[in-house]
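Reader: Could you walk me through this model, beginning with the ligand site and then turning to the fold?

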Amino acid sequence: MSSYVVTGASRGIGLEFVKQLSADSENKVFAIVRNKANATNLHALSRDNVTILQADVTDPAALKVAAEVSTATDNKLDYLINNAGSSTNPGLTLDRFNTVGVVHSTNAFLPLLKNGSAKKILTLSSCLGDLDFTLAGEIEAQPSYSIAKAALNMVVAKYAVQFKAQGFVFMAISPGIVDVSGTNESGPGAVEEFKMLSRGVPKAAPDFKGFITPEDSVKKQLEVLNRWTVDESGAYVSHLGNKQWL
Ligand SMILES: NC(=O)c1ccc[n+]([C@@H]2O[C@H](COP(=O)([O-])OP(=O)(O)OC[C@H]3O[C@@H](n4cnc5c(N)ncnc54)[C@H](OP(=O)(O)O)[C@@H]3O)[C@@H](O)[C@H]2O)c1
């Protein structure tokens, strides 16, 4: 039996993490959403081993309450999946939410992870946070999101260095280009995003075959998460566990 917290669990990749992790009835999954009443996909899932908690990842006080509730019984947590993120701001600004939200979530759950047996923290990054990918593809699109994800990779590296001696495994994973339109009421965001990137992709990733499903992406991310050890802590890799982003 393992316990998991997943942020941004209402839809898309986060929802898929909850589905796959809770398929094992021995696991306990805590799904963090911004609006519990609107989390229809999670309510529809209706699994006894899934607890829905409400917290915005920009709100440390709400995260602290979620941490207290999620571990009320045993005061420990095995895995944290920092999934909440958004690429809605197209401009060249500093979009702090994608970086700072992960710091708040990680800090809120660290005391409980210290008592857990796995001590693993997976953070969703993006190929857009990679310098080589950006330069090879001459990718102009999504500057604020890309800057935030690049900073996030350093956040993960810093946590890894600081907590290596305690046996923690931190990792930043780019999930591929994932079609989340099936659970996204606001429409096919990733599809639109991909249109903006598409000019650069053939140059940066000549073998790119097209969108992958949330099922496939999460399955592969969990394979990487399960085999990763403290020796690789702090790395920034794709869902394939390497630098092949797409
Ligand atoms: N899909 C892709 O191709 C792709 C590619 C690269 C990286 N990623 C990364 O993968 C992660 C998941 O992406 P996705 O495609 O599944 O996105 P999505 O379908 O748009 O879902 C985003 C999730 O994040 C939550 N969220 C947004 N802001 C939040 C906040 N302040 N506090 C708490 N939750 C918040 C949303 O909650 P609400 O429902 O309340 O809005 C939603 O559950 C993100 O970190 C994204 O950057 C995705």
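**Ligand shell and sheet**

Author: In this predicted model, 24 residues surround the ligand, the closest being S10, R11, R34, Y145 and V178, where a residue is near a molecule if one of its heavy atoms lies within 4 Å of it. Local features need pLDDT of at least 70 and side-chain atom pairs pLDDT 80 or more, while totals for chains, interfaces and linings use all residues. Residues are numbered from 1 along each chain as its sequence is written, and side-chain values use heavy atoms, with hydrogens and water left out.

Reader: How far is an oxygen atom of the ligand from the side chain of R34?

Author: An N or O atom in the R34 side chain is 2.6 Å from a ligand oxygen, and a nitrogen atom of the ligand is 2.8 Å from an N or O atom in the side chain of D56.

Reader: And how much of the ligand does the protein bury?

Author: The protein buries 89% of the 900 Å² that the ligand exposes when taken alone (areas by the Shrake-Rupley method with a 1.4 Å probe).

Reader: Switching to the sheet, what is the strand order?

Author: The order is β3-β2-β1-β4-β5-β6-β7, an open sheet of 7 strands with parallel pairing; strands are DSSP runs of E with at least two residues, helices runs of H or I with at least four, numbered from the N terminus, and two strands pair if DSSP finds at least two bridges between them.

Reader: Which are the edge strands?

Author: Those are β3 (50-54) and β7 (236-238), each of which pairs on one side only.

Definitions and conventions
Polar contact = N/O pair within 3.5 Å; in protein donor to acceptor, adjacent residues only side chain to side chain.
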